Amino acid sequence: QVQLEESGGGLVQAGGSLNVSCVASGSEFALVDMGWYRQAPGKQRNLVARVTSDGTTNYSDSVKGRFTISRDNSKNTVYLQMNSLKPEDTAVYYCNAGAEIAPGTVVDYWGQGTQVTVSS
């Protein structure tokens, strides 16, 4: 069982920056992709950014050029640096990690979420 603990959310004014981080613990299996999703009230949960174990990243179009995802495999930690924040970035941000329990079989785990609020 993998536990994901997020930290770093909060309230910031538009144009500001926040950094959220997520530490994974308890996994006896390799973590492949790690990433961040977000869910605004009344909307579905959507991908923000993901990073593979070898550092390959992908971003949603809405955050490209403003957000940067990074990963420290030695600490099982994934970070999301968010710059030039906009009110529409307001959401609960969820950490996600995939554990490869068998060759080609990945189980997804989720954190509890951290609130990011951007005021206009």
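Author: Start with the overall form: for 120 residues, a compact globule would have a radius of gyration near 14 Å, and the protein agrees because its own value is 14 Å. This is a predicted model. The C-alpha trace spans about 45 × 25 × 25 Å along its principal axes.

The protein has 11 strands and 0 helices, so the order of elements from the N terminus is β-β-β-β-β-β-β-β-β-β-β. Of the contacts between residues at least 6 apart in sequence, 54% join residues at least 24 apart. Buried residues make up 38% of the 120. The accessible surface amounts to about 6300 Å², with 46% of that area belonging to carbon and sulfur atoms.

Now the pocket itself. The largest pocket holds about 170 Å³ of space. Two strands, S4 (30–39) and S5 (46–51), each give at least two residues to its lining. Arg 38 and Gln 39 are part of that lining, and so are Asn 46 and Leu 47. Between these pairs in the numbering, Ala 40, Lys 43 and Gln 44 also line the pocket.

By residue class, the lining divides into 6 polar, 3 nonpolar and 3 charged residues.

Notes: Residues numbered from 1 in each chain as written. Predicted model: local features only at pLDDT ≥ 70, side-chain atom pairs only at ≥ 80, totals over all residues. Heavy atoms only, no water. 1 Å grid on protein atoms, 1.4 Å probe; cavity = no way out; pocket = protein on both sides within 12 Å on 5 of 7 lines; lining within 4 Å. Points joined across faces, edges and corners; volume = space filled by probe spheres on them. Helix = DSSP H or I, 4+ residues; strand = E, 2+ residues; numbered from the N terminus. Nonpolar A, V, L, I, M, F, W, Y, C, P; charged D, E, K, R; others polar. Rg over C-alpha atoms; globule rule 2.2 N^0.38 Å. Buried < 20%, exposed > 50% of the residue type's maximum accessible area, 1.4 Å probe, protein only. Contact = heavy atoms within 4.5 Å. Areas by Shrake-Rupley, 256 points an atom, 1.4 Å probe, with all protein chains shown as cover.
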